[in-house]
Amino acid sequence: MAERTEELAVALFGELFMADQLARNRLSKVLPKGMELSHFGVLNHLARAAEERTPAQLARAFHVTRGAMTNTLAKLEWAGHVHIRPDWDDARRKFVSISPSGRSARDAAVAAIAPLIAEVVEALGAERVRAVLPVLREMRTRFEEED
């Protein structure tokens with residue numbers, strides 16, 4: 001019985017990893033010029049949060065190192081997509097917010113990827129996608145609990 005469960009787990013994660021790789025590849029190709037998936041992810045997070053975040057909070061949210069997040073934020077700041085300001089109460093910390101340019105870039109990225117994602121959902125069927133979402137969410141939350 002345990003062997004069957006392990007085989008099922010290996011098959012599930014094999015499919016998840018391959019779907020992730022293929023989706024990232026397809027989405028990267030349609031993003032606006034110069035935008036990477038990591039940039040879109042941060043801009044989308046900041047746009048949805050509608051409040052400032054520290055680089056450490058962003059790194060935790062994306063499960064990346066602070067160095068990796070600092071690199072992504074530096075590129076976004078250089079492009080004018082985020083504002084980074086010092087914390088006036090604690091000079092060691094910084095706060096990040098999305099700029100109007102960043103919001104426009106995020107909206108352009110959403111407009112570019114939405115048809116691609118909608119096409120996949122339409123091909124699979126909305127009901128099937130709705131049915132699998134709770135399972136995927138629970139998987140994600142279980143892995144987040146382990147971090």
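This is a short tour of the model above, stop by stop, with something to select at each one.

**Before you start**

The model is predicted, so local features need pLDDT of at least 70 and side-chain atom pairs count only at pLDDT 80 or more, while totals for chains, interfaces and linings use all residues. Residues are numbered from 1 along each chain as its sequence is written, and side-chain values use heavy atoms, with hydrogens and water left out.

**Stop 1: the whole chain**

Show the chain as a cartoon and follow the elements from the N terminus: they run α-α-α-α-β-β-α-α. That comes to six helices and two strands; here helices (H or I, at least four residues) and strands (E, at least two) are DSSP runs, numbered from the N terminus. Along its principal axes, the C-alpha trace spans about 60 × 35 × 20 Å.

Of the 147 residues, 24% count as buried. Buried means under 20% relative accessible area, exposed over 50%, and partly exposed in between (1.4 Å probe, protein chains only).

**Stop 2: the nonpolar core**

Select Met-35, Val-42, Leu-43, Leu-46 and Leu-58, which touch the most other members of the largest nonpolar core, a set of 20 residues. A nonpolar core is a set of buried Ala, Val, Leu, Ile, Met, Phe, Trp, Tyr and Cys residues joined through side-chain atoms within 4.5 Å. The elements that give this core two or more residues are H2, helix H3 (55–62), H4, strand E2 (94–98) and helix H5 (100–124). The largest share, five residues, comes from H2.

Stay with Leu-46 for a moment. Which residues is it in contact with, leaving aside its neighbours within four places in sequence? They are Glu-51, Arg-53, Leu-58, Val-82, Val-96, Ser-97 and Ile-98, where contact means heavy atoms within 4.5 Å.

**Stop 3: a buried serine**

Next, pick Ser-99, in the loop between E2 and H5. Ser-99 is buried, with a relative accessible area of 3%. Apart from its neighbours within four places in sequence, Ser-99 is in contact with Gly-80, His-81, Val-82 and His-83.

**Stop 4: salt bridges**

Show the charged side chains. A salt bridge is a side-chain nitrogen of Lys or Arg within 4 Å of a carboxyl oxygen of Asp or Glu, and by this rule the count comes to 10.

Begin with Glu-36 and Lys-75, whose side chains meet in a salt bridge at 3.9 Å, N to O. Glu-36 lies in the loop between helix H1 (2–30) and helix H2 (37–49) and Lys-75 in helix H4 (residues 66–78), so this pair ties together parts that are 39 residues apart in sequence. Glu-36 is partly exposed, with a relative accessible area of 38%, and Lys-75 is partly exposed with a value of 38%.

Move on to Arg-93 and Asp-87, where the closest N and O atoms of the salt bridge are 2.8 Å apart.

Finish with Glu-138 and Arg-142, which meet in a salt bridge (3.1 Å, N to O). Both lie in helix H6 (residues 126–146), four residues apart, about one turn of the helix. Glu-138 is partly exposed, with a relative accessible area of 43%.
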